[in-house]
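Here is a short briefing for you, with the structure open alongside.

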Amino acid sequence: MESVLLSSITIINSMQNPPAELAGGNVHLITTTKGWEEHLSEANKGGKTVIANFSTSWSGPCREIAPAYVELANRYSSTTFLTVDIDALPEFSSSWDIKATPTFFFLKDGRQVDKLVGSNKEKLWKKVGAIADSYHAK
């Protein structure tokens, strides 16, 4: 009886908290440092701005903002959008001094030009639009 109850609780929890889609559309999921280096190198060669979302699949705020991030990636296809799974890359994420998720870094030529911590969709839309438009207007 106890195992049936636990199974029922697990099913209910998974229905209430489905796994977040960390990537999709034009968002590339980064789970290795090699993947990070390859995408960053490719973006730098093409003169593209990179937006890196340091995120987890289990965090409520990360799950909340994931669809907006994918929508932005599809809208600004000339910008490279990455999602770094901090659970897969804990040491790499620590090197970026991640204190909360999601944390977004805006990079140009491999250098940080801006940062946003948290799941504020309005601020993310404004920052992405401003950065993408400013670099692509040049």
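In this predicted model, Lys 126 counts as exposed, at 56% relative accessibility. Its side chain meets that of Glu 122 in a salt bridge, 3.3 Å from N to O. Glu 122 is exposed as well, with a relative accessible area of 55%.

**Salt bridges**
- Lys 126 and Glu 122 are 4 residues apart in helix H5, so about one helical turn separates them.
- The count of salt bridges comes to 4.
- Another pairs the side chains of Lys 127 and Asp 114, at 2.9 Å from N to O. Because Lys 127 lies in helix H5 (residues 121–136) and Asp 114 in strand E5 (residues 111–117), this pair ties together parts that are 13 residues apart in sequence.
- Lys 127 is partly exposed, with a relative accessible area of 24%, and Asp 114 is partly exposed at 23%.
- Lys 99 forms a salt bridge with Asp 97, where the closest N and O atoms are 2.8 Å apart. Here Lys 99 is exposed at 72% relative accessible area, while Asp 97 is partly exposed at 42%.

**Helix H2**
- H2 spans residues 33–45, and its 13 residues reach 18 Å from first C-alpha to last, close to the 18 Å expected.
- Gly 35, Trp 36, Leu 40 and Ala 43 are buried in H2. They cover an arc of only 120° around the axis, which puts them on the same side of the helix.
- These buried residues pack against strands E1, E2, E3 and E4 and helix H4.
- On the face turned away from the buried side sit the exposed residues Lys 34, Glu 37, Glu 42 and Lys 45.
- After H2 comes Gly 47, with a positive phi near 70°.

Technical notes:
Residues are numbered from 1 along each chain as its sequence is written. This is a predicted model: local features need pLDDT of at least 70, side-chain atom pairs count only at pLDDT 80 or more; totals for chains, interfaces and linings use all residues. Side-chain values use heavy atoms; hydrogens and water are left out. Helices (H or I, at least four residues) and strands (E, at least two) are DSSP runs, numbered from the N terminus. The expected span of a helix is 1.5 Å times one less than its number of residues. Buried means under 20% relative accessible area, exposed over 50%, partly exposed in between (1.4 Å probe, protein chains only). The arc is that of the directions from the helix axis to the C-beta atoms. Contact means heavy atoms within 4.5 Å.
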